[in-house]
Amino acid sequence: MVAVLAGAAVIVTLTAAAPQSGTRTRPMQNPDGTRPGLAPTVDHEDRSAAFGLIWNVRLGERATKEGYLRGRYGPEWSDHAPGVPLSGNGCNTRDDVLARDGESVEYEDESRCAVASMRLVDAYTGELIDWSRQHDVLQVDHVFPLSLAWRMGASRWPDEERLRFANDPLNLLPVRGEVNEAKGGSGPGGWLPPWQRVRCSYSVRFAQVALKYDLPVTRTAKIAMLRQCWG
C-alpha cells in the first residue's frame with residue numbers, strides 16, 4: 001500500500017490561500033450533502049474512516065467524451081430532480097446551495113429563495129468571500145464533474161438519473177469562479193484544491209458521490225485520493 005501511494009502524482013493549478021473562519025462540516029459527518037461547506041479532515045480516526053470509504057470506490061477506465069452536452073443532464077439548477085435532498089422546495093438548486101453554505105444570508109424577496117448577498121468560506125481555498133448577486137464571483141462546482149461522469153458511465157444512465165446527479169447537493173460546492181474554471185472537468189488525478197488541508201475532505205466528497213451513483217474512478221485518481229487521507 002505504501003509503495004503504491006508513494007508513486008502517485010497530482011497536478012495542482014493554483015496557490016493556496018490562508019484558511020479563514022466559517023461554519024463548515026467534515027464530509028464524513030455530512031453523507032447527504034445537506035450541511036454546510038467542506039471542513040478539513042484532521043482527526044486521525046476520521047481520516048482512517050475516510051481512507052476506508054475511498055478504498056471502496058471501484059476502478060474503471062475513461063471513455064471518450066463523445067455525445068456529451070450539458071443539456072444531457074437536464075435543465076440547469078432544476079428544483080424537480082427526484083429523490084435528492086432540497087428538491088421540490090420551490091427554490092432552484094443554485095440558490096439552495098448558496099444558502100446552505102453561506103453565512104449572514106440575505107434574500108431578494110419574501111420567498112427566501114433568491115440569495116442576494118452572504119459571506120462564504122471558499123471550500124477549495126479557505127478564502128472568506130463577501131458575495132452579492134451584483135458582484136457575482138462565485139460558481140457552483142460539480143465535485144464529480146458532469147463531463148467526467150459522462151465518460152465514466154453516466155452516458156448510459158436514464159435522463160432522470162442524470163438530472164439527479166446534476167442537482168444533488170452532495171455533488172455541489174459554491175467556490176470562486178476562477179478556481180472552478182481551473183478545475184474544469186478534472187478529477188482528483190489531475191486537480192486538487194489549492195488549500196492543502198482540505199484535500200482529504202475533497203477526496204472524501206468525491207468518493208461519496210462516486211459510491212452513491214456507482215461511478216468508477218481511474219487508478220490514478222484513486223491513488224491520488226487515498227494519498228490525501230493517508231496517515
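This is a predicted model: local features need pLDDT of at least 70, side-chain atom pairs count only at pLDDT 80 or more; totals for chains, interfaces and linings use all residues.

Colleague: How many bridges join β2 to β3, and do they run parallel or antiparallel?

Modeller: In general, strands of a sheet pair through backbone hydrogen bonds, in a parallel or an antiparallel manner. Here β2 and β3 run antiparallel and are joined by five bridges. Two strands are taken as paired if DSSP finds at least two bridges between them. Helices (H or I, at least four residues) and strands (E, at least two) are DSSP runs, numbered from the N terminus. Within this pair, serine 117 stands opposite serine 132 in β3.

Colleague: In what order do the strands of the open sheet lie?

Modeller: The order is β1-β2-β3, three strands with antiparallel pairing. At the edges are β1 and β3 (128-132), each pairing on one side only. From one strand to the next, the twist averages 10°. Helix α3 lies across β1, β2 and β3 and runs at about 50° to β2. Such angles run from 0 to 180 degrees between N-to-C directions, with axes as lines fitted to C-alpha atoms, for helices over the stretch in contact.

Colleague: Which cysteine does a disulfide join to cysteine 91?

Modeller: A disulfide is a covalent bond between the sulfur atoms of two cysteines. The criterion applied is a pair of cysteine sulfur atoms within 2.5 Å, and the count comes to two. Cysteine 91 is joined to cysteine 113, with an S to S distance of 2.0 Å. The torsion about their S-S bond is about -75°, so this disulfide is left-handed. Cysteine 91 lies in the loop between α2 (44-55) and α3 (93-101), and cysteine 113 in the loop between β1 (103-107) and β2 (115-121), so the pair ties together parts 22 residues apart in sequence.

Colleague: Is the link of cysteine 200 and cysteine 229 left-handed or right-handed?

Modeller: With 110° about the S-S bond, that link is right-handed. It connects cysteine 200 in helix α7 (residues 199-212) with cysteine 229 in the segment after α8 (219-228), 29 residues apart. Cysteine 200 is buried, with a relative accessible area of 2%; buried means under 20%, exposed over 50%, and partly exposed in between (1.4 Å probe, protein chains only).

Colleague: How many residues has the largest nonpolar core?

Modeller: In soluble globular proteins, nonpolar side chains tend to be buried together. A nonpolar core is a set of buried Ala, Val, Leu, Ile, Met, Phe, Trp, Tyr and Cys residues joined through side-chain atoms within 4.5 Å. The largest has 46 residues, and those with the most contacts inside it include Tyr73, Phe144 and Tyr202. Its largest share, seven residues, comes from α7. Another core of seven residues lies apart from it, with Leu98, Met118, Trp131 and Leu138 among them.

Colleague: Which residues does tyrosine 202 touch?

Modeller: Contact means heavy atoms within 4.5 Å. Not counting residues up to four places away in sequence, the residues touched by tyrosine 202 include Leu38, Tyr124, Val143 and Trp191.

How values were computed: Residues are numbered from 1 along each chain as its sequence is written. Side-chain values use heavy atoms; hydrogens and water are left out.
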